[in-house]
Amino acid sequence: IHEALVQGGQVILLLNRRGFAPHIQCPACGHAVICPQCEIALTHHRAEEPALCHYCNHQEPAPTKCPQCEFAGIRYIGLGTQRLEQEVAYNFPGARVLRWDRDVTVGRHSHEQILAQFVEHRADVLIGTQMIAKGLDMPLVTLVGIVAADMGLHLPDFRAVERTFQILSQVAGRAGRGQRPGRVVVQTYAPENYAIKAASQHDYAAFYCQEIELRRKLNLPPFSRLARLTLSHFNATACQQRAEQLYRQLKQERDARGIPDLALIGPAPAYMQRLRGRFRWNIILRGAEPERLLAELLLPQGWTVDIDPVGLD
């Protein structure tokens with residue numbers, strides 16, 4: 001960063017996690033501050049010091065002591081764009097730092113204003129989430145830094161590796177678009193992962209060859225199609241029981257109709273098992289025509305169907 005700034009270049013830093021600290025936990029008793037509606041960790045934000053849920057927008061004051069054991073040394077763990085902005089400003093006090101994430105783009109023309117400010121070189125360092133990775137032409141950018149590049153690599157979705165490759169390739173392409181050469185620095189705990197290696201070398205063919213072979217072995221799209229059935233219910237026990245009941249019904253119907261090569265996966269809790277106060281369970285259908293099993297089947301109330309879902313969360 002120092003070299004780029006001294007030479008008059010601009011810097012982009014990608015961190016695909018907004019807020020200041022994504023995890024608030026007590027080191028004494030281990031209690032973590034979670035959303036009462038979604039049961040996921042609340043993120044600490046600097047503005048007005050709230051603890052915020054990024055899914056249902058639940059807010060509460062960030063605790064100064066542990067809500068459970070009242071230990072005064074509660075800790076804010078992890079790194080978000082707000083904290084990264086603070087670190088850059090501290091280490092490079094002369095640099096003009098700009099942040100581009102959902103927290104600062106609340107106005108109608110916020111995106112255009114931030115982009116114009118950076119393109120016109122009224123800022124030296126741009127910090128943001130994946131929205132800065134899109135096909136933007138910034139000719140003065142000579143350095144792109146990707147912080148925690150493997151953050152989304154191990155999510156429970158077969159497209160997680162593909163999405164990681166996409167975002168790394170996109171943001172890396174922002175460097176060196178002008179007359180000056182560009183440089184990309186990737187920070188990762190998984191430097192040998194084929195997606196990160198291929199993205200760092202701009203080698204789409206290498207990534208494709210490994211990913212398509214893995215999809216072929218596991219019979220995942222594009223070699224099959226998926227249907228995701230999701231049940232949402234306020235009661236955890238009822239949600240599980242109804243999911244198991246539908247699974248048995250689907251299995252019986254599949255066997256009775258003799259639909260070949262149709263796998264039923266689940267039932268299992270969704271990756272975010274509780275969202276906005278409702279529990280969620282999934283059943284996945286995988287095969288050449290998963291919709292055939294559903295065409296003449298009347299699903300009970302509360303179920304939703306997504307054919308060829310873009311995600312399995």
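**Cores, strands and aromatic pairs in the predicted model**

Of the 30 residues that make up the largest nonpolar core, I12, F118, L126 and M138 touch the most other members. The elements that contribute two or more residues to this core are β1, β7 (97-100), α3 (110-119), β9, α4 and α5 (194-200). The structure described here is a predicted model, and the values given below were computed from it. When neighbours within four places in sequence are left aside, I12 is in contact with F118, L126, I132, M138, V141, L143, V144, G145, V171 and R174. Apart from this core lies another one, of 18 residues, among which are L229, I259, F279 and I283. In soluble globular proteins, nonpolar side chains tend to be buried together.

Strands of a sheet pair through backbone hydrogen bonds, in either a parallel or an antiparallel arrangement. Strand β1 (residues 10-14) pairs with β9 in the parallel sense over five bridges, and V11 stands opposite L143 in β9. Strand β9 is also joined by four bridges to strand β10 (residues 183-186), and these two strands run parallel, with G145 standing opposite V185 in β10.

Antiparallel pairing is found in an open sheet of three strands, which has the order β3-β4-β5. The edge strands of this sheet are β3 (43-44) and β5 (59-61), each of which pairs on one side only. Between strand β4 (residues 50-52) and β5, the antiparallel pairing extends over three bridges, and the bridge partner of L52 in β5 is Q59.

The loop between β7 and α3 contains D101, which counts as buried because its relative accessibility is 0%, below the 20% cut-off for a buried residue. The side chain of D101 makes a polar contact of 2.6 Å with the side chain of T81, and a further polar contact, of 3.0 Å, joins the side chains of D101 and R99. When residues up to four places away in sequence are not counted, D101 touches R18, T81, T129 and M131.

Four aromatic pairs are present in the structure. One of them is formed by F165 and Y204, whose rings are tilted, with 6.3 Å from centre to centre and 45° between the planes. This pair links distant parts of the chain, since F165 belongs to helix α4 (residues 160-172) and Y204 to helix α6 (residues 204-218), 39 residues apart. Ring pairs link F165, Y194, Y204, F207 and Y208 into a cluster.

A further arrangement involving an aromatic ring concerns R278, which lies over the face of F234 at 4.3 Å from the ring centre.

Terms used
Residues are numbered from 1 along each chain as its sequence is written. This is a predicted model: local features need pLDDT of at least 70, side-chain atom pairs count only at pLDDT 80 or more; totals for chains, interfaces and linings use all residues. Side-chain values use heavy atoms; hydrogens and water are left out. Rings of Phe, Tyr and Trp (its six-membered ring) pair if their centres lie within 6.5 Å; planes under 30 degrees apart count as stacked, over 60 as edge-to-face and the rest as tilted. A charge sits over a ring if NZ of Lys or CZ of Arg is within 6 Å of the ring centre and within 35 degrees of the ring normal. Two strands pair if DSSP finds at least two bridges between them. A nonpolar core is a set of buried Ala, Val, Leu, Ile, Met, Phe, Trp, Tyr and Cys residues joined through side-chain atoms within 4.5 Å. Buried means under 20% relative accessible area, exposed over 50%, partly exposed in between (1.4 Å probe, protein chains only). Contact means heavy atoms within 4.5 Å. A polar contact is a pair of N or O atoms within 3.5 Å; within protein, one must be able to donate a hydrogen and the other to accept it, and residues adjacent in sequence count only if both atoms are side-chain atoms.
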